[in-house]
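Please look at the structure below with an eye to its aromatic rings and to the side chains around them. The paragraphs that follow take the reader through these one after another.

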Amino acid sequence: MPTTPLPQSTDELYQALQENHERPYGRARTVTAEELAEAAEQFEEPVPLIHALLELQEAYTYGSEPRKSPVVFARLLTLFDEQPDLFDERLRHTLFWRFKWVANALRALPEIPLASLRQWQTEMRDRYEKAGHGLQPYYGQAYQLASHIGEDTALAYELWAGRTRTRLSDCEACEICERALYHLTAGDDEGALRAWEPVLQGKESCQEEPARSISHALLPLLRTGRADQARELHLAGYRGCRRNPSMAGEVGRHLEFCALTGNEARGLELLAENRSLFDEVDSPREQFDFLTGAEVLLQRVEHLGHGELPAAGFAGRAWTVTGLRAEVRERADDLAARFDTRNGTTAHARRRSARLDREPLTGALELTLRTRGLDDVTPAAAPAPAARAVPPAPDETLPELIVRARTLDEQGTRTHGPAGHGCAPWSPPVTTPTPTTPPRARSSSCTPTFWTTRRPGPARRTTTPKPPPSTRRRRGCTTTPGSRGTRRSPAAAPCSRPRRSPVRTTRGGGEGRRADRRPRRRDRAARALSRPSPTWRPACCGCGPPPSACASSSRGARSTSHRSSPRRTCCTPSPPGTTSPRSSPGPCCCAPPPSPCPAICPPRSPGPTTSSTGSGRTAPPGTCPAPSACAAGSTSDSRTRRPRTRTSPRACGWPPTGRPTPPAPPASTTTWPAPACTWAAPTRRCAI
């Protein structure tokens with residue numbers, strides 16, 4: 001399946017080729033190039049196909065797939081022979097330049113006969129002469145073939161190095177490397193370093209340089225006493241070739257450098273970093289150089305007595321130094337034998353033996369700030385014991401799984417549901433004889449009220465205590481951890497947050513600002529006091545199903561007190577006719593009452609009850625004598641000499657702990673007797 005959308009026009013094809021050209025060399029770029037080359041065949045014009053094939057050959061060459069590169073070039077050469085007019089000057093130059101790529105790829109394959117290598121060089125010479133190009137590139141390929149086979153390279157070197165460079169000659173950096181390697185093979189380290197100087201100093205570079213030259217120059221630098229320069233070049237050159245399949249031979253030479261400078265531990269780290277090269281390198285020549293350098297490192301580590309250390313190697317199993325060295329030696333010997341069989345010499349076997357027989361060139365060259373030794377490397381862990389067989393769980397049918405899921409769901413509901421909120425409607429258990437409490441209205445479920453009064457008289461200015469700033473703008477009730485939504489429970493803490501007053505905005509450009517609510521509150525208080533009803537009416541506490549009279553009176557009570565008084569205060573009933581300096585507030589009525597008689601209405605009294613305020617007011621028979629004094633008591637206003645209700649914000653644990661408690665009422669405070677309850681059935685009205 002294509003990894004990218006196939007182009008539908010030549011413009012899209014050229015755009016895709018440009019984007020793929022900017023990718024790093026590797027499997028991803030190669031696969032994309034193959035798809036684009038296949039897509040280019042659908043166009044009638046052959047020029048896009050030529051560009052796609054050139055991109056594909058480059059991906060094969062630098063992706064370490066030398067077996068496929070000559071096949072693609074053969075197709076390009078066929079198109080050139082059939083339609084030479086399709087190749088402009090730039091395409092012609094690219095085509096003749098890549099004759100050298102094919103010659104290099106054929107040398108890297110031991111299965112290609114030597115006669116085929118020489119035949120290709122003859123083809124290259126004939127085409128260069130026919131096209132009018134100089135033969136310096138051809139003689140350069142002839143020298144490289146002689147060096148690869150192991151023949152006498154003196155004559156081939158003179159024929160190549162003594163000729164003038166042409167437009168198709170290798171880049172200056174690559175030719176410098178070949179000249180330096182000629183001196184290095186002859187044993188002239190100083191001559192090789194002098195030849196490498198422009199590349200090592202960064203004056204010349206190309207796609208493969210200076211990484212290739214640096215890998216070859218490390219050991220000559222050590223042998224000539226330039227350890228500091230060798231350290232610098234190792235650290236810089238390794239970054240240019242690591243994890244690159246087309247430069248696996250350079251990585252192997254860096255591993256060899258670490259083994260010969262006392263940095264075996266670092267060499268094992270680099271080997272682990274390039275573990276993919278064991279399987280991704282498709283070039284036998286690059287694989288041969290990489291395996292030989294890795295064997296030099298593994299051999300050194302094993303000679304130091306650390307053959308049991310873990311090592312990164314071929315995929316599929318865990319390796320130790322000893323085991324990996326045996327595997328690498330076997331494969332490298334096989335490759336050397338194949339090359340020597342094809343070439344008819346022993347050049348590869350001799351070069352391999354020379355690298356393995358080298359002794360360390362220095363004691364311990366510090367390559368990094370924190371030099372590690374082999375003693376710091378963790379040894380290979382012992383194989384883990386086989387895990388005990390766990391008996392399989394019994395299979396359950398679908399109905400059984402559904403039943404178990406419902407059971408767990410019910411358990412979770414009973415666990416988290418009732419305790420989710422402090423003001424949840426309470427439903428008694430089935431075994432409890434207490435009648436089930438019907439759900440209360442939303443407006444009263446979280447809006448506890450006080451006992452309130454209505455008194456006749458002219459409107460007067462009243463002051464209402466405001467809640468502390470920390471709770472003035474808080475909404476809703478306290479939610480216990482683990483609950484969701486607004487579920488409430490009788491077992492949780494009582495409602496401790498006052499309802500937030502609605503926000504009103506002034507009209508005429510005053511949007512977004514809070515209007516002054518004090519005049520509205522004063523008007524409500526004035527209207528409530530001016531009503532002709534002198535009867536004391538208890539507001540429902542919410543403990544159970546209130547009587548109808550109580551329910552009807554709760555609206556009026558809520559209309560005068562729900563904005564100016566703290567929320568939900570229930571009191572501990574006191575015997576009728578008794579007074580105390582201050583009644584103690586009882587628990588909040590969120591939980592079900594302990595008995596079917598909640599404290600809502602006062603008892604019937606045979607006669608009128610006289611208050612002890614000294615005001616001379618006599619309550620009619622059967623009425624509630626000022627139950628609002630239950631929470632905080634009633635006080636006498638010294639200015640109007642008229643009793644007024646003073647509510648305390650300490651009911652239900654409000655205000656929060658840590659805030660100062662309001663001062664005690666003055667000495668003139670007079671309390672009313674707390675009400676008792678005569679409610680017997682849900683349909684019975686309060687005795688008034």
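A charge is said to sit over a ring if NZ of Lys or CZ of Arg is within 6 Å of the ring centre and within 35 degrees of the ring normal. By that rule the charged end of R317 sits over the ring of W319, 3.8 Å from its centre, and the charged end of K100 sits over the ring of W97, 3.4 Å from its centre. This is a predicted model, in which local features need pLDDT of at least 70 and side-chain atom pairs count only at pLDDT 80 or more, while totals for chains, interfaces and linings use all residues. Residues are numbered from 1 along each chain as its sequence is written, and side-chain values use heavy atoms, with hydrogens and water left out.

Rings of Phe, Tyr and Trp (for Trp the six-membered ring) pair if their centres lie within 6.5 Å, and their planes count as stacked under 30 degrees apart, edge-to-face over 60 and tilted for the rest. The structure holds 19 aromatic pairs. One of them joins F73 and F99, whose ring centres are 5.1 Å apart with planes at 80 degrees, so the pair is edge-to-face. Because F73 lies in helix 4 (residues 69-82) and F99 in helix 6 (residues 99-107), the pair ties together parts that are 26 residues apart in sequence; helices here are DSSP runs of H or I, at least four residues, numbered from the N terminus. F73, F80, F87, F96, F99, W120 and Y128 form one aromatic cluster.

Conventions. Helices (H or I, at least four residues) and strands (E, at least two) are DSSP runs, numbered from the N terminus.
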